[in-house]
Amino acid sequence: MGKNILIIGGGLGGLTTGALLAKEGYKVTVLEKNRTIGGGLQCFGRKGVSFETGMHVLGGFLPGQSLYKICRYLGIWDKLRIRHTDADCIDAVTFGVEGKTYSLPRGKEAFEQYLAHCFPHQAEGLHRYMNAMWALSEEVDLFYLRPSSQRMFQIHSPEFLMPVDRFIAQYITDPDLAELLAYMNPLYGGVAGHTPAYIHALINVLYINGSSTFENGSQQMADALAEVIENAGGAVHPGDPVVEIAVENRLISHVSTKSGRLYTADWYISDIHPCTLLTLLPATAFLKSYRDRLQEIPNSYSAFSVYIKFKDGSRQPFVNHPRYFLEKHGYMWRLEEYDPDLFPYGFMYLTPPSTNQGKWAERMTVNCPMPFSAVSQWVDSYTGNRPQAYKQWKEATMQQVLDKLERVCPHLRDDVDFCLASTPLTIRDYYGTKDGSLYGYNHDCSNIMLSQLPIATKVRNLLLTGQNINLHGICGVVLTSIETAECLVGEGCIVNKINEEYERRERL
């Protein structure tokens, strides 16, 4: 087949896959339903202030790490304004009932030594746990940009698909430490008894090795990727949703958009939620059993987020790392539950940096895990047409979040210029994800093959990319984009080129 590519969805997965293929000489067209490209990278503005919607914390961007190498290869590194968290604290975790805060340092050895000092009776088990977690990450070649013919779920250690809570309990007997080690739960939608240990290991290894944030927002990465596509002769079209994908004889013949335009290509790549994709395809495109499977896979939980702009002259400090708050011990594995009287059980909060960031914060973002069931009574409403009851609930819930936030940020309300909130319905409508899922499909170790989708589909010129395939998060989506692109250019081809380019630069 030829080299014309049409990508449906201009999120991180679609844009990265498109940029990689554009660099390989393919002519890429990206169609994005929203007026702003980027998916989880996109930012929005209120009263002249920009807020990020998704990619708040980054992993893999330090020199020599996977995302750093990929951005160098694509030629976008110098266009990104990235601030690394300080080595002495990548994350701070506070348990509310005790008021105890753990300031966790960067690097495997330092991280382990710090926690061994806090929990000396667990030092031996902690050492074994850290080694086991790193060993799990080594089982995924792509995580380290190593070419491999081994696919994700062939020949792995027994711990690879073990439930993450059980994996931690194998090494850690202190329940407080076991819960603390799961603090990155909200970054991957962890669920006790279901989330496999390898997901936990990859996310933790990624961020313990060093985390970063975007200065002035994550939209810059979406724009830089789009520029790679356009400079190679491709195009990115936002604000024109795909409304139909025509299929004949197991091949896509064309795609229609809301504006009435028809697009044809040799290959089509979907970066949208598989259940959303089904609504665009004829029922005969896939077997009923496959359609049913896509609908049955459980989705990860969603979030209620609060965006705060501080007054000029406020004294809320800029903090160069994410902070986590948990109401009390015993709630870490209950984040997917919802009790309107107790919400939120916990949250992540951070002060996004700007260029020339000073001592005081301009903004704050607070992310609280929330299941879609919390808003299910308003499921038939859409952005711009919400009922009054929803608006009242949203305002009351935002005030609950601010109440708990003031426990770790005293007098915060006095410093607020304005604040606003988003809910699982907001995420559903803007991202087009079923149930407002933050991380797409949940990977469930009790039936991992149910939630593991292959990149190739039974529609012979349709491939999949994005967070519902293999791995999620900024690193997982980008690595999955490599796998999707290599389905066309050859296995290991792009990984080898990324490493060769990095080694060439290192020699200069």
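**Exercise 1.** At what angle do helix α15 (residues 473-489) and helix α16 (residues 493-507) pack, and how many Å apart are their axes?

Before we start: this is a predicted model, with local features needing pLDDT of at least 70 and side-chain atom pairs pLDDT 80 or more, while totals for chains, interfaces and linings use all residues. Numbering runs from 1 along each chain as its sequence is written, and side-chain values use heavy atoms, leaving out hydrogens and water.

*Solution.*
- Step 1: α15 and α16 pack at about 115°, axes 8 Å apart.
- Step 2: that makes the two helices roughly perpendicular (65 to 115 degrees).
- Step 3: look for contacts (heavy atoms within 4.5 Å). α15 brings I482, A485, E486 and V489, and α16 brings C493, I494, V495 and I498.
- Step 4: sort these residues, and you get seven nonpolar, no polar and one charged.

**Exercise 2.** Work out how Y129 and F167 are arranged as an aromatic pair.

*Solution.*
- Step 1: the whole structure holds 25 aromatic pairs (ring centres within 6.5 Å; planes under 30 degrees apart are stacked, over 60 edge-to-face, the rest tilted).
- Step 2: Y129 and F167 sit 5.8 Å centre to centre with 50° between the planes, so the pair is tilted.
- Step 3: Y129 belongs to helix α4 (residues 123-138) and F167 to helix α5 (residues 164-169), 38 residues apart.
- Step 4: check burial (under 20% relative accessible area). Y129 is buried at 1%, and F167 is buried at 0%.

**Exercise 3.** Which residues does a cluster of ring pairs link?

*Solution.*
- Step 1: ring pairs join F304, Y338, F343, W378, Y390 and W393.
- Step 2: take Y390 again: R386 lies over its face, 5.3 Å from the ring centre.

Key. Axes fitted to C-alpha atoms, helices over the stretch in contact; angles between N-to-C directions. Helix = DSSP H or I, 4+ residues; strand = E, 2+ residues; numbered from the N terminus. Parallel < 35°, antiparallel > 145°, perpendicular 65-115°, else oblique. Nonpolar A, V, L, I, M, F, W, Y, C, P; charged D, E, K, R; others polar. Phe/Tyr/Trp six-rings, centres within 6.5 Å; stacked < 30°, edge-to-face > 60°. Buried < 20%, exposed > 50% of the residue type's maximum accessible area, 1.4 Å probe, protein only. Lys NZ or Arg CZ within 6 Å of the ring centre and 35° of its normal.
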